[in-house]
Amino acid sequence: MLPFDQRTGQIWLDGGLVEWADAKLHVLTHGLHYASSVFEGVRVYAGAPFMLREHIARLRTSARILDFDLEHDDETLHRATLDVVAAAGITEGYIRMNAWRGSEVIQTAALKTSVHTSVAAWEIPAGYYAAADALRTGISLVTADYRRPSPEYAPVKSKAAGNYMIGTVSKNHALRAGFDDAMLLDDRGHIVEATGAHIFFTRGGTLHTPTTRCTIDGITRACVLAIAGHEGIPYEIGDLGPEFVAEADGAFICGTACEILPVARIDDHHYDLRGNEVIGRLVTGYHDLIAGRSPVEVPHAWGR
Ligand SMILES: Cc1ncc(COP(=O)(O)O)c(C=O)c1O
């Protein structure tokens, strides 16, 4: 696949559309040196960004947590995103929004830097985030060596680029070990999430998911909980120790990029995916939601 910096099209950068090749930043940029940088990933379905206002709200929150404010209001970012998607003629795709501190200082303190924002979008080829038959076969997870830091030790509620070094290293290790992704525990040894998705378990018809104490408030997670509520599927949110992997009868991960993906294996524990009615109903419910044919309303205050 063509590297991202060699593609063509238009990217929205700091207030207007620029040619893809011109959307550059200098090597002496605070965001690069000190990870003063946040981002969002948004899906496009049938030409329309899904849950765009929620993603813009989270981008703003993420920046605020890193002690900077976006230069543009929500309406401007919303319009910019629609313009980028329209300019590229995307039907099924992915949007990446970024905000970062500029080049005025190269030192830790950054009270007076400029803040930059970009929105780029591209078509997603089928099977980009998971093998085409992953919904049927499920994916495999391995427990990561690194743990998610507690909220006292890192800005875990921010979708901050810096937090993703844990995810990148953990996922690289997982892929090298022959797994599809890693499952991260928190500082207390409780299950948190995968490297780019939240995690759910099923046990005897009930859904179980960890709290978001050490992770971002997931938009897809909120969709799943809303669908469960609508479907009358009971769910519990609480601490899950690693022993829960063996106590559960099924698992899945969910996120903007991967949507809902059943998990067939965590470390040495295997799940029988056939006949897991709860996961089947949630997958159908999510597909209805993204297709715009679902009565389910997802609450805007999604963090729980
Ligand atoms: C670390 C991490 N956890 C969870 C998620 C899922 O969040 P969402 O459903 O809002 O995409 C993502 C993806 O954004 C993520 O990167």
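This is a predicted model: local features need pLDDT of at least 70, side-chain atom pairs count only at pLDDT 80 or more; totals for chains, interfaces and linings use all residues.
**Entry 1. Ligand shell**

The shell holds 14 residues, and Gly218, Ile219, Thr220, Gly255 and Thr256 are the closest. I then sorted the shell by class and got nine polar, three nonpolar and two charged residues.

**Entry 2. α6 against α8**

Having α6 on screen, I looked at how helix α6 packs on another helix. Its partner here is helix α8, residues 277-290; the axes are 10 Å apart and the angle is about 110°. An angle of 65 to 115 degrees counts as roughly perpendicular, so I wrote down α6 and α8 as roughly perpendicular to each other. The crossing of α6 past α8 is right-handed.

I also noted the residues that meet. On the α6 side they are Cys223, Val224, Ile227, Ala228 and Glu231, and on the α8 side Arg281, Leu282, Gly285, Tyr286 and Leu289. By class, this contact of α6 with α8 has seven nonpolar residues, two charged and one polar.

Strand β1 (residues 10-13) pairs with strand β2 (residues 16-19) in the antiparallel sense, over four bridges. Which residue of β2 stands opposite tryptophan 12? I read off leucine 17. The two strands, β1 and β2, form a hairpin with two residues between them. In that turn I noted aspartate 14, which has a positive phi of about 50°.

**Entry 3. The open sheet**

Leucine 13 has serine 118 in β6 as its bridge partner.

I then wrote out the whole sheet. It is open and has six strands in the order β2-β1-β6-β5-β3-β4, with antiparallel pairing. Which strands are at the edges? They are β2 and β4 (48-49), and each pairs on one side only. Helix α3, residues 74-88, packs on this sheet and touches β1, β2, β3 (37-45), β4, β5 (93-101) and β6. I took the direction of α3 against that of β6 and got about 35°.

**Entry 4. α2 against α3**

I checked α3 for a helix partner too. Helix α2 (residues 52-65) packs with α3 at an angle of about 125°, and the axes are 10 Å apart. α2 passes α3 in a right-handed crossing.

For the residues, I have Leu52, Arg53 and Ile56 in α2 meeting Asp74, Leu77, His78 and Thr81 in α3. The classes in this contact of α2 with α3 are three nonpolar, two polar and two charged.

**Entry 5. The strands around β7**

Last, I looked up strand β7, residues 139-143. β7 pairs with strand β14 (residues 259-266) in the parallel sense over three bridges. Serine 140 has arginine 265 in β14 as its bridge partner. β7 also pairs with strand β8 (residues 181-185), again parallel and over three bridges. Which residue in β8 stands opposite valine 142? I noted alanine 182 there.

Conventions:
Residues are numbered from 1 along each chain as its sequence is written. A residue is near a molecule or strand if its C-beta atom, placed from the backbone, lies within 6 Å of it. Ala, Val, Leu, Ile, Met, Phe, Trp, Tyr, Cys and Pro count as nonpolar, Asp, Glu, Lys and Arg as charged, and the others, Gly among them, as polar. Two strands pair if DSSP finds at least two bridges between them. Axes are lines fitted to C-alpha atoms, for helices over the stretch in contact, and angles run from 0 to 180 degrees between N-to-C directions. Angles under 35 degrees count as roughly parallel, over 145 as roughly antiparallel, 65 to 115 as roughly perpendicular and the rest as oblique. A crossing is left-handed if the near helix is turned anticlockwise from the far one by less than a right angle, and right-handed if clockwise. Two residues are in contact if their C-beta atoms, placed from the backbone, lie within 7 Å.
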